[in-house]
Amino acid sequence: PKDIDVSFVGGITNPRRVPFIQKIIDLAQNKMKNLTWYINTSSQPPNGKTSNEYIEAINRSKIGLHYFGNSYDSWRIWELASTKTAIIMPQMRNKSVQDEFMPFKQYCVIKDDFSDLEEKIVLLLKDENYKALAESAFCDYNKNHTPEKCFEYYFQTIKNFVPNL
């Protein structure tokens, strides 16, 4: 069951994330305290292994928030998409998801200053609008962005330039 309204998991790996984390904690404790939140900003587990607690939380989440840490891409995006969780984040900037490569647009875009975050959360929760976005992200992930699909895409790209491979 999707009994967590909004979740965020991400360490403070880059100072640019601090204001975002402060914003979501403020929303969770004040204006949007009526929602069920899961927020975990502790450092990443050793060896990059995902904790069972996190896996359970994103599988139970309606909306998963993402804000860029050390890079503009993150495996957290794909974890959220793979669990039918609607994603809210700023516009993706990495080249690999632009139109000429492997586009991914099945998420709700917020302003870089996240000033419209509350509005977007309300919009997605209203009438369970998050379900359509989550399903769209899930389908696109499975069609184009699984590790296997990424390998196939890049391997074919290489083969186009090295035909005897």
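## Helices on a five-stranded sheet

Helix 1 lies across strand 1, strand 2, strand 3 and strand 5, and runs at about 150 degrees to strand 2. Helix 3 packs on the sheet too, touching strand 1, strand 3 and strand 4 (86-90). Its direction makes about 155 degrees with that of strand 4. This is a predicted model: local features need pLDDT of at least 70, side-chain atom pairs count only at pLDDT 80 or more, and totals for chains, interfaces and linings use all residues. Residues are numbered from 1 along each chain as its sequence is written, and side-chain values use heavy atoms, leaving out hydrogens and water.

**Terms**
- Helices (H or I, at least four residues) and strands (E, at least two) are DSSP runs, numbered from the N terminus.
- Angles run from 0 to 180 degrees between N-to-C directions, with axes fitted to C-alpha atoms, for helices over the stretch in contact.

- Five strands form an open sheet in the order 2-1-3-4-5, with parallel pairing (at least two DSSP bridges between two strands).
- Strand 2 and strand 5 (108-110) are the edges; each pairs on one side only.
- Four bridges join strand 1 to strand 2.
- Val9 stands opposite Asn40 in strand 2.

Definitions and conventions. Contact = heavy atoms within 4.5 Å.
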